[in-house]
Number of protein chains: 2
Amino acid sequence: MPLGVVGALFVHLRGTGRLYAQGVPRPQQLLTPGPTAVPPEVLSALAQPVIHHRSPDFAEVFALAQERLRAVFRTERDVLVFTSSGTGAFESAIVNLLSPGQRVLAVSQGEFGERWQAMARAFGCDVVPLAYAWGEAPSPDDLRTALAESGAQTVFLVHSETSTGVVCDLEQLLAVCAEADALSIVDAVSSLGAVPLETDAWGADVVVTGSQKALMTPPGLAFAAVSERAWVRAETATLPRFYWDWERQRRVQEKGSTPFTPATSTVVALTAALGLVLADGLEAAYARHRALGRACRAGIKAIGLELYSPDDDSAAVLTGALTPEGVDAVALRLALRDKHGITIAGGHGELVSRLFRIGHIGHVTVEQIAGAMTAIEVELAVVGADVEQGNAAPAALEAFGTVASA
Amino acid sequence: MPLGVVGALFVHLRGTGRLYAQGVPRPQQLLTPGPTAVPPEVLSALAQPVIHHRSPDFAEVFALAQERLRAVFRTERDVLVFTSSGTGAFESAIVNLLSPGQRVLAVSQGEFGERWQAMARAFGCDVVPLAYAWGEAPSPDDLRTALAESGAQTVFLVHSETSTGVVCDLEQLLAVCAEADALSIVDAVSSLGAVPLETDAWGADVVVTGSQKALMTPPGLAFAAVSERAWVRAETATLPRFYWDWERQRRVQEKGSTPFTPATSTVVALTAALGLVLADGLEAAYARHRALGRACRAGIKAIGLELYSPDDDSAAVLTGALTPEGVDAVALRLALRDKHGITIAGGHGELVSRLFRIGHIGHVTVEQIAGAMTAIEVELAVVGADVEQGNAAPAALEAFGTVASA
């Protein structure tokens with residue numbers, strides 16, 4: 001197996017403790033639904049000298065980060081910033097908004113929806129699942145019925161289910177929560193910045209995301225936008241909390257820092273990344289993600305493979321597809337990685353041997369998607385699969401169109 | 001106020017979303033007890049293209065990071081890696097080892113000891129404090145008595161109290177815990193890698209630290225070394241946990257990743273930084289930190305200021321000193337930052353107007369300490385304080401000696 005980029009970098013580290021590359025490192029393109037590739041401008045910001053979190057330097061960056069977070073979250077309120085993964089920020093919502101034994105309606109349509117159910121159970125909540133098969137999209141009517149039957153005053157929603165590629169109709173689901181006066185906690189980890197999400201206008205109470213998806217920043221930061229109603233609820237929620245305590249977090253953030261040492265370098269990188277996103281505008285980002293999804297679906301279909309993710313413009317975050325019967329998806333992914341320098345994601349559970357997922361959020365071009373399609377064609381032929389050759393890349397480029405390619 | 005390094009970098013970000021420096025950014029030296037300055041080799045590793053946490057690339061780096069973490073922790077067991085601050089890793093110890101109502105003896109000699117007490121209370125533990133005045137060091141005899149009287153089976157210890165500069169005699173305190181068969185949870189956030197700490201040989205059950213102190217890595221990662229006895233205790237502890245759950249963490253780490261998306265770029269940087277630390281050896285690091293402490297104390301005394309941190313070689317992490325009566329320490333710190341490009345830390349609570357703290361952990365040279373001493377002399381003269389001029393820098397260099405300067 002050839003040395004990857006990291007292998008080359010670290011091959012000499014072992015003996016000397018120094019960092020030398022062995023020749024030119026092999027590039028590895030990330031076409032994964034997070035962590036995603038990060039623009040060079042953001043890596044450059046990340047590598048600036050470390051700043052101190054109790055200093056005017058940090059306060060200045062943090063204020064700019066807040067301004068930009070409000071813009072991408074489409075909210076007027078400050079956004080809580082945690083040094084953690086997105087899972088940590090979701091946990092913060094649970095421990096600040098719920099009490100032991102309290103009922104919560106947890107809508108799930110894949111791995112992450114199931115994770116939030118397990119998490120709420122771990123904290124002693126009374127979880128009522130509204131569970132769909134993996135790959136299905138939740139329906140507002142089902143939600144209305146489930147809210148009425150359960151009497152739950154809190155709802156978990158997954159905007160983009162990263163395990164399947166399904167992006168739900170969040171606006172409608174939030175409208176149903178509003179009808180029932182139920183507090184909504186939205187997992188927007190892989191959706192925010194990729195597809196439209198109007199935190200304030202749609203009345204979402206809590207929106208959680210991470211740095212490492214459409215926000216084009218390395219992993220290590222997670223965010224929670226919190227409505228006034230959620231702040232009121234937090235006053236009476238009794239689950240124990242300290243690292244995740246929102247009230248302390250808000251108090252210190254108002255002074256330009258965080259209660260506990262934040263990932264300052266990643267905050268600097270985030271600020272640069274959000275500047276790039278907002279320079280082009282969110283509408284341009286949404287259009288680009290939709291077009292990348294179209295390109296990817298066109299390529300997959302031109303190869304003759306079956307789509308696992310939805311075959312419509314909602315699937316703007318990632319494209320899931322199945323290998324031909326008998327062709328191992330894990331081996332395909334390793335071949336893409338080792339022979340072509342392309343990292344894509346796999347499937348979970350029963351689908352591990354057939355499903356692969358191509359992420360197209362963040363810093364991804366249609367030419368990368370086209371290259372991946374060609375590599376998939378080639379590798380499927382190598383293992384003897386009967387698939388078309390040479391059609392997928394042109395199909396991807398054509399489907400992308402020219403409007404969104406500026 | 002002149003633009004700091006970040007101000008210069010970001011001045012153009014607002015309009016264009018692009019990252020251009022306005023002239024040469026003003027360097028800002030961090031002489032803080034964390035986050036600390038990071039070597040250029042580590043910043044370079046940090047800025048490598050992002051890698052995916054479920055890939056052989058990450059597994060390769062993570063295995064090397066584990067090898068090096070075991071070496072700096074002086075333990076044979078794998079070290080748990082959390083994407084959080086050190087406070088998060090300490091919280092992980094509480095929620096994995098304790099149950100509601102369980103008694104814990106919390107030794108405190110400053111801000112961080114008090115934080116762990118507040119944290120344990122937030123989780124419903126029965127906290128018995130063994131509290132010292134800020135600046136005092138805990139005594140093994142007191143601990144023996146307190147353990148006998150309280151019957152507590154769990155003890156919190158702070159190795160280096162960052163708010164005061166006191167480094168306790170951890171080996172002796174751990175021996176007392178062993179006598180009483182009490183489980184120890186050690187805050188080693190600012191000590192690990194700076195002063196001797198033998199996790200296995202001294203019988204520490206849990207040792208917690210962060211990436212951003214003596215380990216010369218940006219903030220964003222925290223670590224917990226866990227003894228076999230602590231793993232057994234975790235099986236019966238009933239505090240709720242999910243993000244911090246050690247058992248899930250261990251299971252996934254054994255496969256070369258973490259349960260939730262880790263700060264992959266910071267793990268790469270950590271691996272490079274630990275390589276640098278271990279290339280010179282831990283003994284060299286300890287000697288350098290002791291010598292830097294000696295240099296700093298000699299400088300402070302040459303200026304004629306009162307030391308707040310201990311006046312002996314135990315104070316190898318940071319040096320605290322008091323401004324002359326009537327001279328505002330906050331204004332002194334701002335003058336150092338804005339006029340001299342040197343960031344030092346302040347005091348807390350009652351001491352905010354008099355105390356300043358100079359961190360000398362990680363990537364710090366004696367010449368930086370000498371420069372800071374000169375800047376302090378100059379700025380104290382500016383505000384009319386009657387202090388010696390020109391003596392501190394030579395005193396610092398002389399006290400450092402030559403043995404450790406290689």
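Trainee: Is B:Ala214 buried or exposed, and why?

Mentor: This is a predicted model. A residue is buried if 20 or more other C-beta atoms lie within 10 Å of its own. B:Ala214 has 34 C-beta neighbours inside 10 Å, so B:Ala214 counts as buried.

Trainee: Where in chain B is B:Ala214 placed?

Mentor: In a loop. That loop runs between β9 (206–210) and β10 (221–226) of chain B.

Trainee: Which residues does B:Ala214 contact, leaving aside its neighbours within four places in sequence?

Mentor: B:Leu192, B:Gly193 and B:Ala194 are in contact with B:Ala214, and so are B:Ile361 and B:Gly362. B:Leu274 is 60 residues from B:Ala214 along the chain, and their C-alpha atoms are 9.8 Å apart.

Trainee: Now helix α15 of chain B. Which of its residues are buried?

Mentor: In α15(B), residues 392–400, the buried ones are B:Ala392, B:Ala393, B:Ala395, B:Ala396, B:Ala399 and B:Phe400. They span an arc of only 160 degrees around the axis, so they sit on the same side of α15(B).

Trainee: What do the buried residues of α15(B) pack against?

Mentor: Two helices of chain B: α12 (282–303) and α14 (366–382).

Trainee: Next, the two chains. How is chain A superposed on chain B?

Mentor: The general idea comes first. Two copies of a chain are related by a rotation about an axis and a shift along it. Here the rotation is 180 degrees and the shift along the axis is 0.0 Å, with an RMSD of 0.0 Å for chain A on chain B. The two copies are therefore related as by a two-fold rotation axis.

Trainee: How many residues does each chain bring to the contact?

Mentor: Chain A brings 70 residues and chain B brings 70 residues. On the side of chain A that touches chain B, α11(A) gives the most, with ten residues. By class, that side has 36 nonpolar, 28 polar and six charged residues.

Trainee: Why do we say that the copies meet through the same surface?

Mentor: Compare the two residue sets. Of the interface residues of chain A, 100% are also interface residues in chain B, so the copies meet through the same surface.

Trainee: Last, domains. How is chain A divided?

Mentor: Into domain 1 (1–26), domain 2 (40–278) and domain 3 (281–405). The C-alpha centres of domain 1 and domain 2 of chain A are 37 Å apart.

Definitions and conventions: Residues are numbered from 1 along each chain as its sequence is written. Chains are lettered from A and ligands numbered from 1 in the order in which they are written. This is a predicted model: local features need pLDDT of at least 70, side-chain atom pairs count only at pLDDT 80 or more; totals for chains, interfaces and linings use all residues. Helices (H or I, at least four residues) and strands (E, at least two) are DSSP runs, numbered from the N terminus. A residue is buried if 20 or more other C-beta atoms lie within 10 Å of its own, exposed if 12 or fewer, and partly exposed in between; C-beta atoms are placed from the backbone. Two residues are in contact if their C-beta atoms, placed from the backbone, lie within 7 Å. Domain bounds come from an automatic or database domain assignment. Copies are superposed by least squares on the C-alpha atoms of residues with pLDDT of at least 70 in both. Ala, Val, Leu, Ile, Met, Phe, Trp, Tyr, Cys and Pro count as nonpolar, Asp, Glu, Lys and Arg as charged, and the others, Gly among them, as polar. The arc is that of the directions from the helix axis to the C-beta atoms.
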